[in-house]
Amino acid sequence: MGLQKCGVSVNRDYKELRAHGSLEFPCAGYSEIYTSQPKYIVPWHWHEELEIAHSKKGKLKLQIPGKTYELEEGDCFIINSNVLHYAEAVSTCELQSLVFAPTLITGSRESVFAQKYILPLIDASPNGFLLRAEQHKEQVTAFISAFDALKSDVPGFEFAVRENLSRICLFLYQQFESEIRVEDKRPHQDHLRTTKMLDYIHNHFAENISLTEIAKVAGIGERECLRCFQRTIQLSPMQYLLKYRIMRGADLLLQNPASSISEIAGLCGFDSPSNFAKMFKRFYNTTPREYRKYGTE
């Protein structure tokens, strides 16, 4: 099967649109090198599949609702099904990941593996779990074995992938067996609210939108809006709006070379080109003009 390049495309609810693997073998492997430059990020998204990310080299900052983790070289991170997540390199980082459907492990939803272990684990376990290279050597080694098997694409690699991912899932079940006994299948309220508010920001970022308007989309007050953003993505709504405007500006600088910097500033909701340039340099450590010049060479 081999590996694929990382790349995230999402719908209005930030669900990833990309298919991971095939119906016959629902698992895909990804490998990419990221640097600490702002344009090299894994944007906020979610998918129904489970994911295990591995920092083969360098350091990676990974965020899920309410928590930020820093993966040291060699660490792995398990992301639960349907959980928003975001990542960026702290230093130049080689990121490897496996994204797989629970059915890869369970076969059918009616099997004992699904009913007794995997489905209760998905419902009750936390949004993510950090595997430290030294503390969880057996599990990290299992990931590497699964990743290398998929990468090699030799006959029978499917067995090695499923066996090693099953070992990791069993370990995770054992860590949270006590929580699994307490059922709580209510949807994560912060996740639902945040996706609605992010959708509003992404569709209206060029307008003069306010905190009140953002909060209203989710049917909550301004204070709860601030708390919700802080719990999920560790930024205030207005900080996220500013960051998104700058990132969209960076895209437009390269996509629309005929447009002036003044025009792009207006398209991204800035009241003046000088303010756009000031904020842009804060985020990218370069001017819009320099970014466009070197980005198109």
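Reader: Let's start with D251. Is D251 buried, partly exposed or exposed?
Author: D251 is partly exposed, at a relative accessible area of 36%. Buried means under 20% relative accessible area, exposed means over 50%, and partly exposed lies in between (1.4 Å probe, protein chains only).

Reader: What kind of model is this?
Author: This is a predicted model: local features need pLDDT of at least 70, side-chain atom pairs count only at pLDDT 80 or more, and totals for chains, interfaces and linings use all residues. Residues are numbered from 1 along each chain as its sequence is written, and side-chain values use heavy atoms, with hydrogens and water left out.

Reader: Which side chain meets D251 in a salt bridge?
Author: That of R248, at 3.5 Å from N to O. A salt bridge here is a side-chain nitrogen of Lys or Arg within 4 Å of a carboxyl oxygen of Asp or Glu. R248 is partly exposed, at 23% relative accessibility.

Reader: Where do D251 and R248 sit?
Author: In helix α9, residues 237-255. They are three residues apart there, so about one helical turn separates them. Helices are DSSP runs (H or I, at least four residues) and strands are too (E, at least two), numbered from the N terminus.

Reader: How many salt bridges are found in the whole structure?
Author: Eight. One of them joins E72 and K59, with the closest N and O atoms 3.6 Å apart. E72 is in the loop between β6 (67-71) and β7 (76-79), while K59 is in the loop between β4 (50-57) and β5 (60-64). The two are 13 residues apart.

Reader: And what does R132 pair with?
Author: D75, with the closest N and O atoms 2.4 Å apart. R132 is partly exposed at 29%, whereas D75 is buried at 3%.

Reader: New topic. Which residues of α11 are buried?
Author: F276, M279, F280 and Y284. Seen down the axis of α11, they fall within an arc of 115°, so they line one face of the helix. The arc is that of the directions from the helix axis to the C-beta atoms.

Reader: What's exposed on the other side of α11?
Author: S274, K278 and R282.

Reader: What comes after α11?
Author: N285, with a positive phi, near 60°.
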